[in-house]
Amino acid sequence: MKDIWKKVSIFFLAMLIVSFSGCYNASKEKKEKTVAEQKENLVIWAYYETQAQRNGLNELVKNFNQSQNKYEVEWEYVPMTGFVKGLSSAYTENKLPDMAILDNPDTPSLIRLGMFEDITEQVKNWNLEEEYYQSILNTVKYEERYYGLPLNCNSTALFYNKHILEEAGVTPPSDWQELKEVAEKLTTKDRSGFLMCGMEGEQGAFQILPWILSAGGTVDAIDGLPWTETFEFFSELLKNGSMSANCINLTQTDVAREFNEGKTAMMQNGPWVLPMLKEAGTDYGIVSLPENGSPAAVLGGENITIIKGKNAEGSLVFLNYCMENEELFKFCKSASILPAKISAAKEMAAEDEDMKVFEEQMNYAVSRTSVPQWETIAQKLTNRMYSLVQEN
């Protein structure tokens, strides 16, 4: 009988513990939910496509939310091709986010439209002119006022499949003639020798412009001989099949997929595709883009801006958190992009061999916003590439 009562007592004691534990967990969850509900909500729009970029932003947002009890940040995906139009539509419908992470060449025109908060006074002690690459910092300035902060930067380089080049007995090309010869040698029935993104919009224009600059073009003179030489070079690659005509339909991420699948031996792309290559186990190398007279690179990357009329105070707290070297470094490392902060970019290049080429190119990278009437030029660049494909 004693044994029975002993077992009954143990049973009820266990039930009491479970019940208490359940009440404690429920109370804890309720408390956490209440704290989250009490926070001011901040929304960011971003167009990040790759899993690495999304993971990096997810981690940044999570860490910020856990670092303080006043604001709760979340981010929403908006496709890059419709990002600016989406902001404009949201403006008329009063559905704007608090912040936007957007392509640096899109920033100046939206500043002029009055889309973003002037944060000059709030950041006057942040040493922006000394600590950030000037080329990307200029994209958030208008009439010596700041309307956002540079978040990260990049450029494009030549990626090559080491195994394919070694098997063919060739080395990575350093100039246009070598690229043409190597690409032709590496082209097979199932594989192009070289591939780039030539699609309509910023992605295609971003990839085409450095070739024109290397041929002698300047931000003030894109047309003329450099324009002619560049598109004649592309025409030759298309004509002999060294570059796929499908280039006008492929995003930069699509080009990386083709590279991983062995459908191209070399590609023009940026550091954001590195996680894809590593995950696929592709044996790749990276060198600067082949030259035609001089080295050239075009600045890529994103700025982070605060939408006028939204929660500027909370957004500035988030911006300040992002710009702390450690947080910016962790985000960019996860997303496989260079920080726009010079010290953090150099630290990353010292740690990661793959990032060295991109960090070195920042010394001469040209911003697209420095090209007069860039929006019109960008359209002309991709229109011409489309015409070439039809002609060949």
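Residues are numbered from 1 along each chain as its sequence is written. In this predicted model, local features need pLDDT of at least 70 and side-chain atom pairs count only at pLDDT 80 or more, while totals for chains, interfaces and linings use all residues; side-chain values use heavy atoms, without hydrogens and water.

Two packed helices are described by the angle between their axes and the distance between the axes.

Start with H8 (residues 176–186) and H10 (residues 225–239). Helices are DSSP runs (H or I, at least four residues), numbered from the N terminus. The two axes come within 10 Å and cross at roughly 10°. Axes are lines fitted to C-alpha atoms over the stretch in contact, and angles run from 0 to 180 degrees between N-to-C directions. That makes H8 roughly parallel to H10 (angles under 35 degrees). From H8, Trp176, Leu179, Lys180 and Ala183 meet Glu229, Thr230, Phe233, Glu236 and Leu237 of H10 (contact means heavy atoms within 4.5 Å). These residues divide into 5 nonpolar, 1 polar and 3 charged. Ala, Val, Leu, Ile, Met, Phe, Trp, Tyr, Cys and Pro count as nonpolar, Asp, Glu, Lys and Arg as charged, and the others, Gly among them, as polar.

Now turn to H2 (residues 51–67) and H13 (residues 312–322). Their axes come within 11 Å and cross at roughly 115°. H2 and H13 are therefore roughly perpendicular to each other (65 to 115 degrees). Leu60, Asn63, Phe64 and Ser67 of H2 meet Val317, Phe318, Tyr321 and Cys322 of H13. The contact residues divide into 6 nonpolar, 2 polar and no charged.

Methods
Helices (H or I, at least four residues) and strands (E, at least two) are DSSP runs, numbered from the N terminus. Angles under 35 degrees count as roughly parallel, over 145 as roughly antiparallel, 65 to 115 as roughly perpendicular and the rest as oblique.
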